Amino acid sequence: MYAQLVCFDGPRSTDQLVAADFASRHRIEPALAGVPGLLTTYELRRHDGSGMIVVFAESEDVLLAAQRAILATELLPGEDMALLPGPDRVETYPVIAHRGSADIYADRG
């Protein structure tokens with residue numbers, strides 16, 4: 001399993017956040033629906049618009065396929081590239097351990 005951190009350092013304006021949310025919902029999510037092997041995604045955002053998207057996938061190849069799928073999309077009518085600067089950095093890591101709530105609380109008899 002691999003994890004990818006897609007980091008937006010911020011601050012991002014309200015217009016940028018609205019544009020990013022629209023792009024995610026209407027362009028990016030549909031593109032990712034065609035990529036097998038994605039496991040789960042978490043989106044984290046602070047009050048200033050900074051944040052990150054954490055993606056878990058079966059393999060690093062799946063994450064690369066997801067990036068290709070996103071980059072292959074075309075802007076939708078009304079989207080403004082100036083409001084969609086993209087992430088400040090993308091980091092990929094192999095997952096070496098996972099502890100669910102059952103594991104975390106197992107020793108608290």
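**Exercises on a predicted model**

Of the 109 residues in the protein chain, 28% count as buried. The model examined here is a predicted one.

**Exercise 1.** Determine how many helices and strands the protein chain has, and in which pattern they follow one another.

*Solution.* Begin with the totals: the secondary structure amounts to three helices and four strands. Next, read along the sequence; the pattern is β-α-β-β-α-β-α. Finally, turn to the contacts between residues at least 6 apart in sequence: 75% of these join residues at least 24 apart.

**Exercise 2.** Identify the residues of the largest nonpolar core and the elements that supply them.

*Solution.* The largest nonpolar core has seven residues, namely Val 35, Val 55, Ala 57, Val 62, Leu 63, Ala 66 and Ala 69. Strand S3 (51-57) and helix H2 (60-71) each supply at least two residues of this core. H2 gives the most, with four residues. As a further step, consider Val 35: leaving aside residues up to four places away in sequence, Val 35 touches Val 62, Ala 65, Ala 66 and Ala 69.

**Exercise 3.** Decide whether Leu 32 is buried, partly exposed or exposed, and locate its contacts.

*Solution.* Leu 32 lies in helix H1 (residues 14-32). The relative accessible area of Leu 32 is 23%. Buried requires under 20% and exposed over 50%; Leu 32 is therefore partly exposed. Apart from residues up to four places away in sequence, Leu 32 touches Leu 38, Ala 66 and Ile 70. The C-alpha atoms of Leu 32 and Ala 69 are separated by 6.6 Å, although these residues are 37 residues apart along the chain.

Methods
Residues numbered from 1 in each chain as written. Predicted model: local features only at pLDDT ≥ 70, side-chain atom pairs only at ≥ 80, totals over all residues. Heavy atoms only, no water. Core = buried A, V, L, I, M, F, W, Y, C linked by side-chain atoms within 4.5 Å. Buried < 20%, exposed > 50% of the residue type's maximum accessible area, 1.4 Å probe, protein only. Contact = heavy atoms within 4.5 Å.
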